[in-house]
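Hello,

Here is the structure I promised to pass on to you. Please have a look at it first, and then read on for my notes.

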Amino acid sequence: MANTTIFSKIIAGEIPTEFVYQDDFCVCIRDIAPQAPTHLLIVPKKPISTLANAGAEDQALLGHLLLKAGDIARQLGVGDAFRLVINNGAGAGQTVFHLHIHLLANKKFTEGNLGM
Ligand code: 5GP
């Protein structure tokens with residue numbers, strides 16, 4: 001059975017959401033509850049539930065997501081000061097079980113502080 005989450009509904013256009021970026025493989029949306037002045041989510045169109053559930057066949061897709069995160073950060077003008085976060089599993093704070101990368105920026109990140 002397909003992994004249906006709020007993100008698959010957004011990707012399918014069932015929930016109107018502005019796409020900051022999209023291509024054949026992913027979308028980028030603004031987080032509904034931002035933890036930083038800039039808080040985006042980069043979401044693959046393929047509904048992989050968690051990073052740990054990605055397989056060897058997802059290697060190119062995972063690389064694509066990271067490269068797009070860098071491109072989007074450049075386009076936003078946040079330069080080299082941004083943080084990417086992937087929560088894997090409920091115990092690590094994952095609440096939507098459709099893989100996504102948080103892109104956080106325009107916030108003062110304390111050195112060594114991995115909190116969001
Ligand atoms: P997680 O906790 O799974 O790593 O992150 C899920 C993120 O999705 C949270 O930061 C939450 O605010 C965001 N989120 C949940 N529902 C929606 C929604 O309907 N629209 C958007 N844009 N973000 C959402």
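Let me begin with the lining of the largest pocket, whose residues divide into eleven nonpolar, nine polar and two charged. In these classes Ala, Val, Leu, Ile, Met, Phe, Trp, Tyr, Cys and Pro count as nonpolar, Asp, Glu, Lys and Arg as charged, and the others, Gly among them, as polar. A pocket here is an open set of points on a 1 Å grid over the protein atoms alone, where a 1.4 Å probe fits, with protein on both sides within 12 Å along at least five of seven lines; lining residues have an atom within 4 Å of a point.

Before going further, a word on the source: this is a predicted model, in which local features need pLDDT of at least 70 and side-chain atom pairs count only at pLDDT 80 or more, while totals for chains, interfaces and linings use all residues. Residues are numbered from 1 along each chain as its sequence is written, and side-chain values use heavy atoms, with hydrogens and water left out.

The largest pocket has a volume of about 350 Å³ (the space filled by probe spheres set on the grid points, which are joined across faces, edges and corners). It is lined by 22 residues, and Phe-7, Asp-31, Ile-32, Ala-33 and Leu-41 are the closest to its centre. Two or more lining residues come from each of α1, β2 and β3 (38-44), with α1 giving the largest share, three residues. Helices (H or I, at least four residues) and strands (E, at least two) are DSSP runs, numbered from the N terminus.

This pocket, the largest, is also where the ligand sits (more than half of its atoms lie within 2 Å of the grid points). Around the ligand are 16 residues, of which Arg-30, Asp-31, Asn-87, Thr-95 and His-102 come nearest; near means a heavy atom within 4 Å. By class, this shell has eight nonpolar, six polar and two charged residues.

Now for the polar contacts, pairs of N or O atoms within 3.5 Å. Oxygen atoms of the ligand lie 2.8 Å from a side-chain N or O atom of Asn-87, 2.9 Å from a backbone N or O atom of Gly-93 and 2.7 Å from a backbone N or O atom of Thr-95. The protein buries 83% of the 520 Å² that the ligand exposes when taken alone (Shrake-Rupley method, 1.4 Å probe).

Best wishes

Conventions:
A polar contact is a pair of N or O atoms within 3.5 Å; within protein, one must be able to donate a hydrogen and the other to accept it, and residues adjacent in sequence count only if both atoms are side-chain atoms.
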